[in-house]
Amino acid sequence: MPGGVNSPARAFGGVGGEPIFFVRGEGAHLFDIDGNRYLDYIGSWGPMILGHNHPRVLAAVQAALARGTSFGAPTEAESELAELIIEAVPSIERVRLVNSGTEATMSAVRLARGFTGRDVIVKFAGNYHGHVDALLVAAGSSAATLGVPNSPGVTRGTAQDTMVLAYNDPASLERAFAEHGQQIAGVIFEPVVGNMGCVVPTPQFLTALTGLTAKHGALLICDEVMTGFRVAYGGAQSLFGFSPDLTTLGKIVGGGLPVGAYGGRAEIMDHILPAGKVFQAGTLSGNPLATAAGIATLQVLRETGVYEQLEARSAQLATGLAAAAKDAGVPHTLARVGSMMTLFFNAEPVTDWTSASHSDVSRFARYFWELIARGVYMPCSQFEALFVSAAHSSDDIEATIAAAREALVRLA
Ligand SMILES: *Cc1c(COP(=O)(O)O)cnc(C)c1O
């Protein structure tokens, strides 16, 4: 395998050393091949909001398995997952299930272009939307960590149709629309950024996004692959109170199996084949095992008071980490929305890629390994958000803060 992995974020490029191989997950814990146990704050990069091996998800997948793994034909489970999504996210009137977040954003971009008849897509530096050619320009996540925000193989023609602006900068968005408004098909953004570390949008930025796209007939594509069912059941759009034209989902919506989704207003979504003419298809889309895991996960999230518990645990962790860094004399800023957060080794507020990139990544690498030595598995890059799951107990959080205290005093 190139670099020994099937996805670059796993290769520990941001912290050095060898990736850990895992054999088992249980609740808030992961177990490696050497028998070590870790408190997991990656959660498979977002999907495992209920923790590993949740009994209801496991039972749902086992029951689906016994009925057959793939039919390539409609099933009731697909309708059930679609209904759960539509009920959770009011801006979604129609939804199409796919197999990954990348497929969701790729399809949403094609739809925005097909619907508007325009070519240009606006994105923001440090935002990551999967490995879609048009969106691998100034990309975040492992692209930022490994220093290849603009991938070789993305043609100049493709890059020319992608306009990159700074996050949280309404004035530059206003200028872009004033100069190129007639060419812009859509604006895609992370409503809370996770892929340059956790970065929170300002209300002015959100207002500019909704106002300018509506004014100029461009579609607002809210990429909630990470934030959907994470920062709130209805995603960041329900938390902040805005209504995008299209929304992309992934990660949690598949409960740890491969599911992505994109949806929005019926008049836009009905341009997708076979209702309309914009092509998009998938042999394994709506797969029975994957939809079973997604349905079970959303049902648990909807029925129980998970979000209140996540908020309490996450606030406890954020307060503890910030206090530990302060006591250790380590310059830092902590950004959090719900159960996603980043401790930046950066004294300044982090609002965009430029400020995020001023973080002390070598200090982060030492922090990461000090925590590994203490049984805590944090994201292996300064430019990724950590996730708290419903399986993390208050004692788990206290143990994590204690480990971070020990780690941070060694880094000052
Ligand atoms: C993870 C992620 C993607 C890509 O999803 P994959 O399932 O990895 O293809 C897209 N957008 C955002 C915001 C993400 O966090």
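User: Let's start with Glu406. What is its relative accessible area, and is it buried or partly exposed?
Analyst: This is a predicted model, so keep that in mind throughout. Glu406 has a relative accessible area of 44%, and it is partly exposed.

User: What does the side chain of Glu406 meet in a salt bridge?
Analyst: Arg374. The N to O distance is 2.8 Å.

User: Which residues are linked with them in a network of salt bridges?
Analyst: Glu370 and Arg410 join Glu406 and Arg374 in that network.

User: How many salt bridges turn up in the whole structure?
Analyst: A search finds 11. One of them pairs Glu303 with Arg56, with the closest N and O atoms 3.1 Å apart. Glu303 lies in helix 10 (residues 288–303) and Arg56 in helix 1 (residues 55–67). That pair ties together parts 247 residues apart in sequence.

User: What is the relative accessible area of Arg56?
Analyst: It is 35%, which makes Arg56 partly exposed.

User: Give me another pair. What does Arg265 bridge to?
Analyst: Asp245. Their closest N and O atoms are 2.5 Å apart. Arg265 sits in the loop between strand 10 (260–264) and helix 9 (266–269). Asp245 sits in the loop between helix 8 (236–240) and strand 9 (246–249). The pair ties together parts that are 20 residues apart in sequence.

User: Is Asp245 buried or exposed?
Analyst: Asp245 counts as buried, at 13% relative accessibility. Arg265 is partly exposed, with a relative accessible area of 28%.

User: Switching topic. What surrounds the ligand?
Analyst: The residues around it are Ser100, Gly101, Thr102, Tyr128, His129, Gly130, Glu190, Asn195, Asp223, Val225, Met226 and Lys251. By class, the shell holds three nonpolar, six polar and three charged residues.

User: What about oxygen?
Analyst: An oxygen atom of the ligand is 2.5 Å from an N or O atom in the side chain of Thr102.

User: How much of the ligand does the protein bury?
Analyst: Taken alone, the ligand exposes 380 Å². The protein buries 83% of that.

User: Now Asp32. Where is it?
Analyst: Asp32 lies in strand 2, residues 29–32. Asp32 is buried, yet it has no salt bridge.

User: How far away is the nearest side chain of opposite charge?
Analyst: That is Arg24, 10 Å away.

User: What does the side chain of Asp32 reach, then?
Analyst: It reaches the backbone nitrogen of Asn36 at 2.8 Å. A polar contact of 2.9 Å also joins the side chains of Asp32 and Tyr38.

User: On to the backbone. Which peptide bond is cis?
Analyst: The one from Leu273 to Pro274, with omega near 5°. Pro274 is in the loop between helix 9 and helix 10. For context, most peptide bonds are trans.

User: Which residues other than glycine have a positive phi?
Analyst: Among them are Trp45, with phi near 70°, and Phe229, with phi near 60°. In general, most residues other than glycine have a negative phi.

User: Where are those two?
Analyst: Trp45 is in the loop between strand 3 (37–40) and helix 1. Phe229 is in the loop between strand 8 (219–223) and helix 8.

User: Is Phe229 buried or exposed?
Analyst: Phe229 counts as buried, at 1% relative accessibility.

User: Last one. Where is Glu93?
Analyst: Glu93 is in the loop between helix 2 (76–88) and strand 4 (94–98). At 44% relative accessibility, Glu93 counts as partly exposed. Glu93 and Ala82 are 11 residues apart in sequence and 9.7 Å apart in space, C-alpha to C-alpha.

Definitions and conventions: Residues are numbered from 1 along each chain as its sequence is written. This is a predicted model: local features need pLDDT of at least 70, side-chain atom pairs count only at pLDDT 80 or more; totals for chains, interfaces and linings use all residues. Side-chain values use heavy atoms; hydrogens and water are left out. A residue is near a molecule or strand if one of its heavy atoms lies within 4 Å of it. A polar contact is a pair of N or O atoms within 3.5 Å; within protein, one must be able to donate a hydrogen and the other to accept it, and residues adjacent in sequence count only if both atoms are side-chain atoms. Accessible areas come from the Shrake-Rupley method with a 1.4 Å probe; for residues, only the protein chains shown count as cover. Ala, Val, Leu, Ile, Met, Phe, Trp, Tyr, Cys and Pro count as nonpolar, Asp, Glu, Lys and Arg as charged, and the others, Gly among them, as polar. Helices (H or I, at least four residues) and strands (E, at least two) are DSSP runs, numbered from the N terminus. Buried means under 20% relative accessible area, exposed over 50%, partly exposed in between (1.4 Å probe, protein chains only). Lys and Arg count as positive and Asp and Glu as negative; His and the chain ends are not counted. A salt bridge is a side-chain nitrogen of Lys or Arg within 4 Å of a carboxyl oxygen of Asp or Glu.
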